[in-house]
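Got your viewer open and ready? Let's take a short walk, one selection at a time.

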Amino acid sequence: MLITVAPASTKTGRAAIRSLLTSRDAGVEIQAIYRDAARAPAEFTSLPNFTAITGDIADESSLHFQGSDVVVAITPPVFDSGDIVAMAKERSENVKSAIEKSATVNKVVLLSSIGAQYSSGVGEIKTNNIAERVFATTNVPEIIFIRCAYFMENWTVALDTLRGPEPFFFSTVTPLEWKIPMVAVGDVGAAIAAQALKRESSPSRPYVFELHGPRMYSPLDVQVAFSDALRTRVAVRPVARGDLVGFYKQVFPEDVVPEWVEMATSFLPGGVMKPGDVEEGTGVVNGKTELGDAVKNAVESLL
């Protein structure tokens, strides 16, 4: 079985490949698409059943899936200026077209997001909505959408504030006791691998499920996790809704800031995504990794 991951450079792409390479399924080969294949991790390239190839989901002519049995498609978050939904649509259509031209792919596993059932009110998550709509009509027998919860590792993206004598982190989730579904990236990779490798047919086409962690967590739980990992008290500084625009302007181009603000507020009190509410007909799978373990592992590898 040849499984192609496109693109492979994201955290979830690496996690999926890692899970696939450690599976006990005999005869599994992994093909990973990078814009620069030379940048594929040595932990993968050293293995005989892994191949890195050059390709770009923004360029359909560079994508070749001939011989692949399964394609794992990932819609990376868009940090650039421009119409993020249009960009996601174009890139999804590029991958879909290459899949259908291959004539060998029989399954597509798409990494999506909770809230992808909404076409408005969810900001950046709209890129997952359009990706699902594009891939839902792919001419292959099996289509699977994995709607992931908020990544636990998102809290560890900016660690500079944890390095001082009075460590702290910012929380755009408010109030601080507000609990939302979260999931570890490692569990995402394991779920992708399980769906790519399974032999039995899914109960529906597309088959859609949400992927959460063992339970819901709040920023206060994140505070405890950081404090335990660093063995010192870590403070949490809430970013009020009225301050989100200024906060995100420090990170993203100004024209996409409204999308990230809308996404951030979509799962807060009053938002369109009420924590724990799942689209009718969509099941929930729970990962095994606790928030404390995910934060500890991330802190140890990054600090």
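Start with the open sheet of three strands, ordered 7-9-11 with mixed pairing; strands here are DSSP runs (E, at least two residues), numbered from the N terminus, and two of them pair if DSSP finds at least two bridges between them. Before going on, note that this is a predicted model: local features need pLDDT of at least 70, side-chain atom pairs count only at pLDDT 80 or more, and totals for chains, interfaces and linings use all residues. Residues are numbered from 1 along each chain as its sequence is written, and side-chain values use heavy atoms, leaving out hydrogens and water.

Click Phe151 and you'll find Val183 of strand 9 opposite.

Next, pick Ser218, in the loop between strand 11 and helix 6. Ser218 counts as buried because its relative accessibility is 3% (buried means under 20% relative accessible area, with a 1.4 Å probe and protein chains only). Leaving aside residues up to four places away in sequence, Ser218 touches Leu176, Glu177, Trp178, Lys179 and Met182 (contact means heavy atoms within 4.5 Å).

Last stop: select 219–230 and 291–302, helix 6 and helix 9, which pack at about 45° with axes 9 Å apart (helices are DSSP runs of H or I, at least four residues; axes are lines fitted to C-alpha atoms over the stretch in contact, with angles from 0 to 180 degrees between N-to-C directions). Among the residues in contact are Phe226 of helix 6 and Val295 of helix 9.

Methods. Buried means under 20% relative accessible area, exposed over 50%, partly exposed in between (1.4 Å probe, protein chains only).
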